[in-house]
Amino acid sequence: MALVRRIDAEAIALQRQGELGLWPSSLGQEGAQIGAAFALRSQDFVFPTYREHGVTLTRGVDPLRVLAMYRGCETGSWDVFEHKTYMSSIIIGTQGVQAAGYGMGLERDGLVGSGDPERDAAVVCFFGDGASSQGDINEGLIFAASFNAPVVFFCSNNQWAISEPSERQSRAPLYRRAAGFGFPGVRVDGNDALAVHAVTTAALDRARSGNGPTFIEAYTYRMGAHTTSDDPTKYRPR
């Protein structure tokens, strides 16, 4: 968690110096990311957002390659099958349908529910509270439920979708949406890395066993700006 915060601070400095085009800070969300990432097995596949620097680091992606993407020199593919990690979500929400599709493929390839811990795999789809309002995320939830896909939908609710507070987006807590799709939802303290690890481990075990998707809402807070092009003092108290 300390290393993720250091990388984050260095990246902000590089953007201010004109070396990066943009940087989305993960300040305050390290616990949710690291807790979830350490619950993964090597065969699991991850679809992170543009803010999951702790997840990509834990999966073995060189931080310089993450920085290169924000410099315009990388695409986010990062030797996909070496790291089992693919960032496609600069367009917010696209990872929802991709994660569901990958999970459906795992199930059809017989990589779910065999009881072999070295073989059975699952998918984690990371997204934020803002992306939960996007159609692609909801379509992913529908398909994962319909096909009992081994997908854990991990929502880092940092309470701000750029400048829109989460209570403006949803009248009910986000984890409760899972019931409408027909699978479990749980809220966890996103700043408690051990609690996040326990909840994510249970959800992944459930998915690998063939029992389908789970929705996790990690309740946290975005301490910094949405990105380095954002001024949060315009819409929230200092």
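I began with arginine 187, which is partly exposed, with a relative accessible area of 37%. For this I used the cut-offs buried under 20% relative accessible area, exposed over 50%, and partly exposed in between, with a 1.4 Å probe and protein chains only. The model is predicted, so I note its limits: local features need pLDDT of at least 70, side-chain atom pairs count only at pLDDT 80 or more, and totals for chains, interfaces and linings use all residues. Residues are numbered from 1 along each chain as its sequence is written, and side-chain values use heavy atoms, with hydrogens and water left out.

**Entry 1**

I located arginine 187 in strand S6. Strands here are DSSP runs of E with at least two residues, helices are runs of H or I with at least four, and both are numbered from the N terminus. I then listed the contacts of arginine 187 (heavy atoms within 4.5 Å). Setting aside neighbours within four places in sequence, I found Pro173, Tyr175, Glu217 and Tyr219. I also looked up cysteine 155, which is 32 residues from arginine 187 along the chain; the two C-alpha atoms are 9.4 Å apart.

**Entry 2: the sheet**

Which order do the five strands of the open sheet take? I read S1-S2-S3-S7-S6, with parallel pairing. Two strands count as paired if DSSP finds at least two bridges between them. S1 (45-47) and S6 (185-189) are at the edges; each has a single partner strand, so one side of each lacks a neighbour in the sheet. On average, neighbouring strands of this sheet are turned by 20° against each other, direction ignored. Axes are lines fitted to C-alpha atoms, for helices over the stretch in contact, and angles run from 0 to 180 degrees between N-to-C directions.

As background, strands of a sheet pair through backbone hydrogen bonds, either parallel or antiparallel.

**Entry 3: strand S2**

I followed S2 (residues 123-128) on both sides. With S1 it pairs in the parallel sense over three bridges. Phenylalanine 45 has valine 123 in S2 as its bridge partner, and phenylalanine 47 has cysteine 125. S2 and S3 are also parallel, with six bridges, and here I noted glycine 128 opposite serine 156 in S3.

Is S2 enclosed or open to the outside, and why? Five of its six residues are buried, so S2 is largely enclosed by the rest of the structure. I also found helix H6 (residues 95-108) lying across S1, S2 and S3 (151-157), and running at about 170° to S2.

**Entry 4: salt bridges**

I searched the whole structure and found eleven salt bridges. The criterion is a side-chain nitrogen of Lys or Arg within 4 Å of a carboxyl oxygen of Asp or Glu. I looked at three of them.

- Glutamate 30 and arginine 5 form a salt bridge at 3.0 Å, N to O. This pair links distant parts of the chain, with glutamate 30 in helix H2 (residues 30-37) and arginine 5 in helix H1 (residues 2-16), 25 residues apart. Glutamate 30 is buried at 3% relative accessible area, whereas arginine 5 is partly exposed at 39%.
- Arginine 6 and glutamate 10 form a salt bridge at 3.0 Å, N to O. They are four residues apart in helix H1, so about one helical turn separates them. Arginine 6 is exposed at 54%, and glutamate 10 is partly exposed at 39%.
- Arginine 208 and aspartate 205 form a salt bridge, with the closest N and O atoms 3.0 Å apart. Both residues lie in helix H10 (residues 193-208), three residues apart, about one turn of the helix. Arginine 208 is buried at 3%, and aspartate 205 is partly exposed at 32%. Salt bridges with shared partners join Arg41, Asp44, Asp205 and Arg208 into one network.

**Entry 5: a nonpolar surface patch**

Which residues make up the nonpolar patch on the surface? I noted Ile142, Phe143 and Phe147, which together have about 260 Å² of accessible area. Patches take residues with over 30% relative accessible area and no salt bridge, joining like charges within 9 Å and nonpolar side chains (Val, Leu, Ile, Met, Phe, Trp, Tyr) within 5 Å. The areas come from the Shrake-Rupley method with a 1.4 Å probe, and for residues only the protein chains shown count as cover. Phenylalanine 147 is in the loop between helix H7 (135-146) and S3, and counts as partly exposed at 36% relative accessibility.
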